[in-house]
Amino acid sequence: SGAAGSGSKKDNGKAADKKKPAVRASFARIASIAVPEVPLLAMAMIMLVISSGSMLVVPYLFGLIIQAIKDGDQTGLLRSIYGLLVFAGIGSVSTLFRAMGFQVAGQRLVARMRVDLFNALIKQDVSFYDKEKIGELTNRISADTQVVQEMVTTTLSMLLRNMFTVVGAIVVLFVTSWKLTLVMLSVVPVIAIGAVIYGRAVQNMQKTFQDKLAASVAYASEMLAAIRTVRTFVREPKCRDEFRDAVVESYTWGAKIAVAWAVFGGAIFMLSQGAIILVIWYGATQVFAHALDLAQLISFMLYSITIAGSVAMLSSVFGTIMQAIGASSRVFELIDRNVEIPPEGGDAPEAGEGVIRFEKVQFAYPTRTDVTVLQDVSFTLNPTKVTAIVGRSGSGKSTIVQLIERFYDPTGGQILFNGTDLRDLDPAQYRRNLGYVRQEPTLFSKSIRDNILFGAENSGDITEEQIFAAAKAANCHDFIMSFP
């Protein structure tokens, strides 16, 4: 048991070492996708600096207002109030363009990410879909990318704005009173350490939460797609119970994230308020000692409150970023996945009659490698002849058809098309030579016309007469014409 424990610690250490590179990799990937939006983001950044800078002037002007009231200086009071109006206007306009820049850039970035993810999914081999649930995959396209979108559009803007505000305010405070500034910053190391610990914990919890949420969505998608079967066997109560259990699992992890955020947020609030109280106490002693005037203390307090609010917001933003990293890593896993049977690439099929030959073919499905479905199967399918494959259920009839379509590759032997191994041929060009009628046809949520044209290479070149001819050949023209 001692050796086992030692090994476990080593494994945990390795896992911890992998987290930082994974976080950096996800950030780098998101940044690389954002490259086309650099001009828009640059404009948003400039507006961010202007808006944040204008807000940093406000506490200083409030100090001048207090001083003017104290001295009875009406001209100075009006000048300070006009200054407030000017900087408020500048801040409002720049905030508008900042928000617009980040929002539009984020929307465009995530739109590309969704397209990249769908492109990666659509080219995956059929065996991939034997192992993955469709509902979970669609959840990654929608929910996971939505988390990333929120990070880029809202969270990134908040992060940069609050960081700029904190740094700018601290510089101003050091100029005003370096002693008071050091008192206020005494809590920063504690906040920083807590943020790192919290971020790592939330990243792992968020990834688990997204997995559990995706599993519940996948279950709901599967049951709703098979609603006729569910209704036939009166399994609604069972489905309700199982879906509730799946939701409870995701809720459990969501609740853990909420508790972690509440604890962390509460601690940050307490530390921030403690820092402000220290500033008030120490600043008051400085005023009594005539080392600081009242107007400076009020400005300092307003800057301290601004910093406290920004630090609290940064803690929230940090957790959101970790959540987005957890979600984006799931997306990039799919985008980077290697395709075993790519949809295209390889030699063009040679012209010929179209002879298909199985030579000692063996096959086991990737999800059940322990069960051999086909063992040393050899036969030839000759053109112009009808070949019927007969056998009991589960004997491999449908498997043979799927191998002919090259949805899978045989685990042994080979399948030849006009004498060439299917693995050497371009799958797209090869499949254009095949007509495949499924046992249960699929109807897409489009018009009947669009469904008929789905398999057409250049649907724009197809005439109405050809569509009608196809419908008549399939013996469905009359009942189609009876529809509204």
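**Notes on the cores and salt bridges**

1. Let me start with R368, which is partly exposed at a relative accessibility of 45%. This is a predicted model, and here R368 pairs with D370 in a salt bridge, with N and O 3.2 Å apart. D370 is itself exposed, at 60% relative accessible area.

2. The largest nonpolar core holds 58 residues, and the members touching the most others are I30, L109, M113, M184, I307 and I321. Helices that give two or more residues to this core include α1 (2-33), α3 (74-122), α5 (134-176) and α9 (236-288). The top contributor is α10, with 16 residues.

3. I307 is worth a look in your viewer. Beyond its neighbours within four places in sequence, I307 contacts V166, A169, I170, L173 and M184. A second core is separate and has 17 residues, among them F358, L374, L403 and F417.

4. Back to charged pairs: the model has 12 salt bridges in total. One of them joins E242 to K238, whose closest N and O atoms lie 2.7 Å apart. These two residues sit 4 apart in helix α9, so about one helical turn separates them. Both ends are partly exposed: E242 has a relative accessible area of 31%, and K238 has 38%.

5. Where does R406 fall, buried or exposed? R406 is buried, at 7% relative accessibility, and its side chain forms a salt bridge with D409 at 2.8 Å from N to O.

6. Finally, do have a look at E37, R108 and R112, which are joined in a salt-bridge network.

Conventions. Residues numbered from 1 in each chain as written. Predicted model: local features only at pLDDT ≥ 70, side-chain atom pairs only at ≥ 80, totals over all residues. Heavy atoms only, no water. Core = buried A, V, L, I, M, F, W, Y, C linked by side-chain atoms within 4.5 Å. Buried < 20%, exposed > 50% of the residue type's maximum accessible area, 1.4 Å probe, protein only. Contact = heavy atoms within 4.5 Å. Salt bridge = Lys/Arg side-chain N within 4 Å of Asp/Glu carboxyl O.
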